[in-house]
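Thank you all for coming. I would like to walk through a few side-chain contacts in this model, beginning with the charged residues and then turning to the aromatic rings.

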Amino acid sequence: MDNFGHLLDGFANVLTPMNLLIALLGVTIGTAVGVLPGIGPAMTVALLLPVTYGMEPTQAFIMFAGIFYGGMYGGSTTSILLNTPGESSSVVTAIEGNKMAKAGRAAQALATAAIGSFVAGTIATLLLVVVTPPVVAFAISLGAPDYFALMLLSFVAVTAVLGASRVRGFASLLIGLVIGVIGIDQTGQQRLTFGIPQLADGIDVVVVAVGIFAVGEALWIAAHLRRKAAEVIPVGRPWMGRQDWKRSWKPWLRGTAYGFPFGALPAGGAEIPTFLSYATEKKLSKHPEEFGKGAIEGVAGPEAANNASAAGTLVPMLAIGLPTNATAAVMLAAFQQYGIQPGPLLFERESGLVWTLIASLFVGNLLLLVLNLPLAPAWARLLRVPRPYLYAGIVFFASMGAYAVNAQPFDLFLLLTLGLIGFGMRRFGLPILPLIVGVILGPRAELQGRRALQLSGGELSGLLGGWVSWLIYATVLVVLLWPLLGRFLVRPLRERLVTG
């Protein structure tokens with residue numbers, strides 16, 4: 001009941017003319033940038049992070065909620081009309097969505113994606129209200145060894161579970177950890193500063209995120225540039241017939257049920273639930289012959305799973321301070337730029353801000369639906385922007401945003417260097433999420449590890465706390481050894497069952 005009262009207070013903060021205007025602005029900008037080809041929600045949020053500079057924290061996070069959900073929706077437009085997913089979680093939407101568009105049903109595909117995003121986002125945000133406080137209560141009982149183990153699990157999860165290659169995943173994590181430890185440590189010693197005074201305070205996470213995502217992507221596109229604008233399928237006004245509604249509402253609910261739990265897990269992410277949703281809809285559909293040719297269920301379910309997963313990622317981010325995907329990692333950077341540290345004490349110290357943020361997710365989700373159904377044809381026209389102009393603009397705004405962090409020209413050199421690192425990672429297939437997680441969680445894992453060792457007088461046994469840390473270490477061990485277990489135990493057992 002207390003949570004419901006706090007949520008009503010959050011709505012009271014959001015539902016003022018100025019704050020509603022800010023929410024609408026955030027949704028509009030987030031969707032407009034998220035619609036552009038090759039730009040996923042993480043890059044959208046990173047690129048628009050500097051837009052909130054100079055705002056009051058409450059207004060900044062109201063806008064940020066709009067940018068977050070707007071960027072999530074924008075990727076579906078690109079996937080459906082251009083067959084160009086902004087990120088891996090939008091791949092499944094493109095499978096059936098682009099086929100529907102080519103069959104002249106782009107309007108219906110965009111409509112089921114928009115309404116499915118609204119339904120999933122609303123239900124998942126309600127679950128966020130219910131689930132997060134108990135997680136916070138549990139997190140308060142954890143000690144330094146438990147937090148260290150949790151961060152170790154996060155490192156392993158984003159490298160060994162979500163990536164295509166473990167070696168590349170750990171290589172990306174190592175780069176992130178190296179960037180994260182630059183500066184002065186807790187003992188006053190300088191690390192990796194090379195005598196450069198500007199590096200003494202470390203590298204701002206915003207500069208890292210914008211450099212790796214925006215500049216790296218722009219350099220990569222420039223290296224593979226095609227001069228002509230992408231061919232965009234014409235879009236009428238999005239609408240759905242009675243049959244489309246009948247075939248979509250169950251996939252929306254099932255997609256939400258898949259997406260939220262996976263988003264909240266440290267080893268979750270949106271890729272697994274979107275594929276599970278697609279497989280489930282294909283199995284349960286009364287029209288299985290349409291799959292691969294433009295089945296509306298193949299758009300409705302995965303898009304709902306994608307957006308529910310996005311809300312789910314806010315549970316560990318707000319309650320424990322652990323980002324489970326790149327977008328959550330950039331949002332964590334947004335909290336840190338205001339000196340706010342997500343974690344168990346966040347709901348106690350910044351209660352008004354947190355509940356205003358959660359209320360603004362509901363408002364932004366509704367504004368997103370109202371905005372996108374009539375404006376889908378306008379967003380489609382944005383896709384006709386020639387890529388040289390598009391990415392030149394991205395580099396310009398990224399540079400302005402990086403310079404605004406500290407107003408130091410040195411940050412522009414850092415931005416270019418990080419952009420080259422991002423370009424190299426794309427060239428050699430290194431995932432970006434482990435790097436961002438390493439930059440953000442690396443210093444925090446070091447802090448919790450130091451505390452645990454100090455409490456034990458330097459004994460390594462101090463890293464083994466209560467049952468929580470033991471359970472987490474066991475999970476980490478299983479994840480790391482799973483390929484060997486699969487090769488020497490699971491596969492022989494399966495062969496015996498088949499032959500026997």
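**Salt bridges and aromatic pairs**

Let me start with E446, which is partly exposed, with a relative accessible area of 22%; here buried means under 20% relative accessible area, exposed over 50%, and partly exposed in between, with a 1.4 Å probe and protein chains only. Before I go on, please keep in mind that this is a predicted model, in which local features need pLDDT of at least 70 and side-chain atom pairs count only at pLDDT 80 or more, while totals for chains, interfaces and linings use all residues. Residues are numbered from 1 along each chain as its sequence is written, and side-chain values use heavy atoms, with hydrogens and water left out.

What does E446 form with R191? The two form a salt bridge, with the closest N and O atoms 2.8 Å apart, where a salt bridge is taken as a side-chain nitrogen of Lys or Arg within 4 Å of a carboxyl oxygen of Asp or Glu. This pair links distant parts of the chain, since E446 belongs to helix α19 (residues 433-455) and R191 to strand β2 (residues 190-191), 255 residues apart; helices (H or I, at least four residues) and strands (E, at least two) are DSSP runs, numbered from the N terminus. R191, at 23% relative accessibility, also counts as partly exposed.

E446 has a salt bridge with R450 as well, at 3.3 Å from N to O, and these two residues both lie in helix α19, four residues apart, which is about one turn of the helix. R450 is partly exposed, with a relative accessible area of 26%. Through shared partners, the salt bridges join R191, E446 and R450 into one network.

The count of salt bridges comes to four, and one of them brings together the side chains of R254 and E281, at 2.9 Å from N to O. That pair links R254 in helix α10 (residues 242-264) with E281 in helix α11 (residues 271-284), 27 residues apart.

Now to the rings. The structure holds five aromatic pairs, a pair being two rings of Phe, Tyr or Trp (its six-membered ring) with centres within 6.5 Å, and planes under 30 degrees apart count as stacked, over 60 as edge-to-face and the rest as tilted. Among them are F61 and F335, whose ring centres are 4.5 Å apart and whose planes are at 35 degrees, so this pair is tilted. F61 lies in helix α4 (residues 57-82) and F335 in helix α14 (residues 326-337), so the pair ties together parts that are 274 residues apart in sequence. F61 is buried, with a relative accessible area of 1%, and F335 is buried, with a relative accessible area of 1%.

Another tilted pair is formed by W220 and F423, at 5.8 Å centre to centre and 55 degrees between the planes, which links helix α9 (residues 205-223), where W220 lies, to helix α18 (residues 410-427), where F423 lies, 203 residues apart. W220 is partly exposed, with a relative accessible area of 24%, and F423 is partly exposed, with a relative accessible area of 25%.

Finally, F61, F64 and F335 form one aromatic cluster.
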